[in-house]
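Student: I have a model open and would like to learn how to read its features. Where do we start?

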Amino acid sequence: MRVFLAAIPLEAAKIVIIGGGEPALAKLRLFLNTPAELLWFTPDGAPPRMETPLTAPTPLLRSPDAGDLAGARLVFMALDDADELTRLGALARAAGAQVNVVDKPHLSDFQTPALIDRDEVVIGVATGGSAPILARDVRSRIEGVLPAGLANVARLARELRDTVKANVPDFMARRRFWEKAFRGPAADLAAAGRTAEARREMLRLLNSAAPEQGVVHIVGAGPGDPELLTLKALRVLQDADVIIHDRLVPDAVLERARRDAKRLYVGKARGEHSVPQDQIEALMIEEAKAGHRVVRLKGGDPFVFGRGGEELEAMRAAGVPVFVVPGVTAALACAASAGIPLTHRDHAQAVTFVTAQAKPGGGDADWARLAAPNHTLAIYMGVDRAEETAAKLMAAGRLGSTPVAIVENGSRPDERVLTGRLDGLGALVRGADLNGPALLFVGETAAFSAAQLDVRAEVAA
């Protein structure tokens with residue numbers, strides 16, 4: 001985040017506008033229908049009366065002095081005289097004001113965001129002064145989907161705020177009440193201007209409020225690219241009270257969650273289990289039974305080598321309501337990003353997802369079946385056993401010349417793709433210095449990745 005948008009109360013705030021041209025008029029119009037005290041100075045000359053808003057204060061045909069600026073909260077300046085801008089900026093700051101010089105971000109303490117004004121609800125879009133036209137375009141898109149009566153909803157919430165707080169003293173329970181109120185009939189009635197009916201519906205909802213039962217959502221976060229989150233995953237993330245997440249869930253995904261949600265890291269790395277699986281499950285149950293909405297956030301898809309099935313069983317056994325939100329699994333994302341078709345009518349009539357890390361004491365894979373030609377293997381957790389895996393596949397009949405590809409950090413900005421042959425897979429891994437999560441692909445279609453890399457090299461040249 002490069003800029004921070006703060007909400008400044010305008011009741012009794014003193015706002016000073018300096019300038020008589022259209023840029024100053026644009027700032028003036030922002031505050032005409034607010035409770036702020038508004039002063040307007042036009043040392044460069046007042047605009048024609050027909051261009052002046054009817055409700056504008058009388059322009060003062062001079063520059064402000066220190067007394068005029070005393071107590072000012074915000075000062076906007078739109079003048080051509082650079083020396084005068086510097087002088088007035090120093091006076092305003094000495095008076096404790098924040099200064100905005102129109103179209104000169106390097107002289108400003110803040111920039112004016114593109115604003116969507118719904119009276120009680122104000123939404124700002126800011127680019128730090130670097131791209132104001134882009135901010136306006138984004139504002140237009142957002143404004144088109146917001147109901148005109150949104151202010152009525154916020155106004156009703158303000159009027160009932162103390163009543164709700166007195167009747168629902170628990171913070172989390174109160175949050176859930178407002179979520180239900182803002183997503184149900186009361187909000188629709190208020191937005192339509194039917195305020196009395198909306199108030200009755202909110203009070204009915206308040207009187208019938210009961211402690212909410214906790215719930216667990218086992219959610220696939222996808223391979224790391226936040227744009228590959230499903231809409232449902234995004235929704236439950238933004239509703240979560242508690243997020244229990246793995247090592248493979250990047251910050252870019254966690255940033256999509258509600259900021260005040262509690263985050264608990266239980267990540268595992270090769271040879272390092274920060275929290276044992278049974279303790280993770282106990283933690284999920286404990287948080288849900290405390291009435292919280294819990295998101296168990298797992299890289300990829302929770303049901304593809306993610307132990308989501310074990311966690312689902314544990315929640316059901318404990319009587320905790322549980323739901324599963326699938327994610328884009330790493331094999332699909334890495335293959336797509338690297339240009340590897342997992343199936344192809346000419347080259348691969350089957351695809352198998354397999355892990356190279358069997359459960360301790362578990363049986364070995366069926367290598368004879370996995371070594372079949374025209375068959376793509378997507379091998380999870382295979383880096384540490386790449387040479388052993390290649391040897392077993394070749395012993396079972398797979399040709400050493402079979403194409404292979406390694407995709408590290410698939411779908412992420414630091415993605416890396418390496419290609420080679422099955423008989424050189426071990427050496428390819430050893431020389432790659434792999435640090436991020438990586439998948440191995442074995443099969444005729446892995447050669448497509450090498451072709452894509454050649455195209456990238458030609459474009460770069």
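Tutor: We start with a definition: a crossing of two helices is left-handed if the near helix is turned anticlockwise from the far one by less than a right angle, and right-handed if clockwise. Keep in mind throughout that this is a predicted model.

Student: Which hand does the crossing of H11 and H12 have?

Tutor: H11 and H12 cross in the right-handed sense.

Student: What else describes two packed helices?

Tutor: In general, the description consists of the angle between their axes and the distance between the axes. Here, helix H11 (residues 277-289) packs on helix H12 (residues 308-317) at about 45 degrees, and the two axes are 10 Å apart. That angle makes H11 oblique to H12.

Student: Which residues of H11 and H12 meet?

Tutor: From H11 come Gln277, Ile280, Glu281, Met284 and Ile285; from H12 come Glu310, Glu311, Ala314 and Met315. By class, the residues of this contact are five nonpolar, one polar and three charged.

Student: Why are the contact residues of a helix spaced like that?

Tutor: An α-helix has 3.6 residues a turn, so residues three or four places apart point the same way.

Student: Is Met315 buried or exposed?

Tutor: Met315, found in helix H12, is buried, with a relative accessible area of 0%. Leaving aside neighbours within four places in sequence, Met315 is in contact with Val216, Glu281, Met284, Ile285, Val320 and Val322.

Student: And is Arg316 buried or exposed?

Tutor: Arg316 also lies in helix H12, but Arg316 is exposed, with a relative accessible area of 59%. Between the C-alpha atoms of Arg316 and Ile285 there are 9.9 Å in space, against 31 residues in sequence.

Student: Can we repeat the helix exercise on H5 and H8? What is the angle at which H5 and H8 pack?

Tutor: Helix H5 (residues 150-167) and helix H8 (residues 195-207) pack at about 20 degrees, with axes 11 Å apart. Angles under 35 degrees count as roughly parallel, and H5 and H8 are therefore roughly parallel to each other. Their crossing is right-handed. On the H5 side the contact involves Leu156, Glu159, Leu160, Thr163, Val164 and Asn167, which meet Ala198, Arg199, Met202, Leu203 and Leu206 of H8. This contact divides into seven nonpolar, two polar and two charged residues.

Student: Next, cores. Which residues touch the most other members of the largest nonpolar core?

Tutor: A nonpolar core is a set of buried nonpolar side chains joined through side-chain atoms within 4.5 Å. The largest one here has 23 residues, and Leu393, Ile406, Leu425 and Leu434 touch the most other members. At least two residues of this core come from each of helix H14 (367-370), strand S15 (375-380), helix H15 (386-395), strand S16 (403-408), helix H16 (425-430) and strand S18 (438-442). Beyond four places in sequence, the contacts of Ile406 include Val417, Leu418, Leu428, Val429 and Leu440. There is also a second, separate core of 17 residues, with Leu160, Ala187, Leu189 and Met202 among them.

Student: Which residues of helix H13 are buried?

Tutor: In H13 (residues 330-338), Ala330, Ala331, Ala333, Cys334, Ala335 and Ala338 are buried.

Student: Which residues have a positive phi although they are not glycine?

Tutor: Phe305 is one of them, with a phi of about 55 degrees. Phe305 sits in the loop between strand S12 (293-298) and H12 and is partly exposed, at a relative accessible area of 36%. Asn409 is another, also with a positive phi of about 55 degrees. Asn409 is in the loop between S16 and strand S17 (416-421), and at 9% relative accessibility counts as buried.

Student: Where is Arg258 found, and is Arg258 buried or exposed?

Tutor: Arg258 is in the loop between helix H10 (251-254) and strand S9 (262-265). The cut-off for buried is under 20% relative accessible area, so Arg258, at 11%, counts as buried. Not counting residues up to four places away in sequence, Arg258 touches, among others, Glu179, Asp239, Asp241, Arg263 and Arg293.

Methods
Residues are numbered from 1 along each chain as its sequence is written. This is a predicted model: local features need pLDDT of at least 70, side-chain atom pairs count only at pLDDT 80 or more; totals for chains, interfaces and linings use all residues. Side-chain values use heavy atoms; hydrogens and water are left out. Axes are lines fitted to C-alpha atoms, for helices over the stretch in contact, and angles run from 0 to 180 degrees between N-to-C directions. Helices (H or I, at least four residues) and strands (E, at least two) are DSSP runs, numbered from the N terminus. Angles under 35 degrees count as roughly parallel, over 145 as roughly antiparallel, 65 to 115 as roughly perpendicular and the rest as oblique. Contact means heavy atoms within 4.5 Å. Ala, Val, Leu, Ile, Met, Phe, Trp, Tyr, Cys and Pro count as nonpolar, Asp, Glu, Lys and Arg as charged, and the others, Gly among them, as polar. Buried means under 20% relative accessible area, exposed over 50%, partly exposed in between (1.4 Å probe, protein chains only).
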